Amino acid sequence: MSRLESAIRRLQSQKVCIEFASELISDLQGVILEIGLGNGRTYDHIKKIFPEKKVFVFEKSVKAHPDCIPPKKYLYEGDFKSTLFKFKKEVSAPIILAHFDIGSGNEDESLKRAESLSVILSKIIDVNGLVVGDQSLSSKFFTELQLPQGITIGRYFMYKLNV
Ligand SMILES: C[S@@+](CC[C@H](N)C(=O)[O-])C[C@H]1O[C@@H](n2cnc3c(N)ncnc32)[C@H](O)[C@@H]1O
C-alpha cells in the first residue's frame, strides 16, 4: 500500500468512526474530549458532527490551522498526563466521548502514550461513554467494540469502559 493510500485509509477511518460513535451516544448528555489536536482536522469534524456539545481539547503544543484552534476556555495545553486530571477537577459534566489521535510514528513512544491514556481515561470517562482513537488501549480497563463496516481492523479502535 502506498503512503497516500495509507493516509486516505486513516482519515477515512477517523471520519467513519467519529460518525458511528455519534449515533451510539446520541441519547447521552455530557461533554466530548479531543486528545491530540494536531492540525485540527478531527476536531473540526467533531465540532461539525456534535454542534451542540462542548468539545474540550488537549494538546501538548498547539500548531493547528488557525480556523481549528478552540476558544481558550476549551483548550488544555500541555501533556495530557496532567491536563486531563486538571480538566476533571474543573469540569463536572460526564465525558460521553473521548477521541484521541496521539500517534507519533514512533511505535514505542505511541505505545507508552496509549498505556498512560488507558489508565487516565478509565478514571474519568462516563460509564456509558465511548473512547475512539488511533491506538489500542488496555483490556484491563476497556472492552473493544466492533468497528463500523469498511474499517480495517487495527487501523482505528472503539472502546467502552469495563464494568
Ligand atoms: C497525529 S496528531 C493529531 C492529528 C489530528 N487528529 C488532526 O486531525 O489534525 C497528534 C497530536 O497529538 C499531540 N500529542 C502527543 N502526545 C501528547 C501528549 N502527551 N499530550 C498532549 N498532546 C499530545 C501531538 O502534539 C500532536 O499534535
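Predicted model: local features only at pLDDT ≥ 70, side-chain atom pairs only at ≥ 80, totals over all residues.

Colleague: Which residues of α1 are the buried ones?

Modeller: Ser13, Gln14, Cys17, Ile18 and Ala21.

Colleague: What makes you say that they line one face of the helix?

Modeller: Look down the axis of α1: the buried residues fall within an arc of 120°, so they line one face. The face turned away from that buried side carries exposed residues, namely Leu4, Glu5, Ile8 and Glu23.

Colleague: And what span would you expect for α1?

Modeller: At 1.5 Å a residue, 32 Å is expected for its 22 residues, 3–24. From first C-alpha to last, α1 reaches 31 Å, which is close to that.

Colleague: Why is phenylalanine 100 called buried?

Modeller: The cut-off is 20 or more other C-beta atoms within 10 Å. Phenylalanine 100 has 23 of them, so it counts as buried. It sits in strand β4. Leaving aside neighbours within four places in sequence, phenylalanine 100 is in contact with Ile35, Gly36, Leu117, Gly133 and Asp134. Take Leu117: it is 17 residues away along the chain from phenylalanine 100, and their C-alpha atoms are separated by 9.1 Å.

Colleague: Then why is serine 61 called exposed?

Modeller: Exposed means 12 or fewer on that count, and serine 61 has 8 other C-beta atoms within 10 Å, so it qualifies. Serine 61 is in the loop between β2 and β3. Proline 71 is ten residues from serine 61 in sequence, and 15 Å from it in space, C-alpha to C-alpha.

Colleague: How about α3, residues 80–90: which of its residues are buried?

Modeller: Phe80, Thr83 and Leu84. Their arc around the axis is only 100°, so they too sit on the same side of α3. Ser82 and Lys89, on the other side, are exposed. What covers the buried residues of α3 includes β1 (31–35), β2, β3 (75–77) and α4 (107–124).

Colleague: How do you know that β5 and β7 pair?

Modeller: Pairing takes at least two bridges between the strands. β5 and β7 have four, so they pair, in the antiparallel sense. Strand β6 (residues 142–144) is joined to β7 by three bridges, so that passes as well, and these strands also run antiparallel.

Colleague: Which residue of β7 is the bridge partner of leucine 130?

Modeller: Lysine 160. Threonine 143 has lysine 160 as its bridge partner in β7, too.

Colleague: Last one: what surrounds the ligand?

Modeller: There are 17 residues around it, and the closest are Gly36, Gly38, Asn39, Arg41 and Asp101. By class, the shell has four nonpolar, seven polar and six charged residues. Both α2 (41–49) and β2 (55–59) supply at least two residues of that shell.

Conventions:
Residues numbered from 1 in each chain as written. Near = placed C-beta within 6 Å. Nonpolar A, V, L, I, M, F, W, Y, C, P; charged D, E, K, R; others polar. Expected span 1.5 Å × (residues − 1). Arc of directions from axis to C-beta. Contact = placed C-beta atoms within 7 Å.
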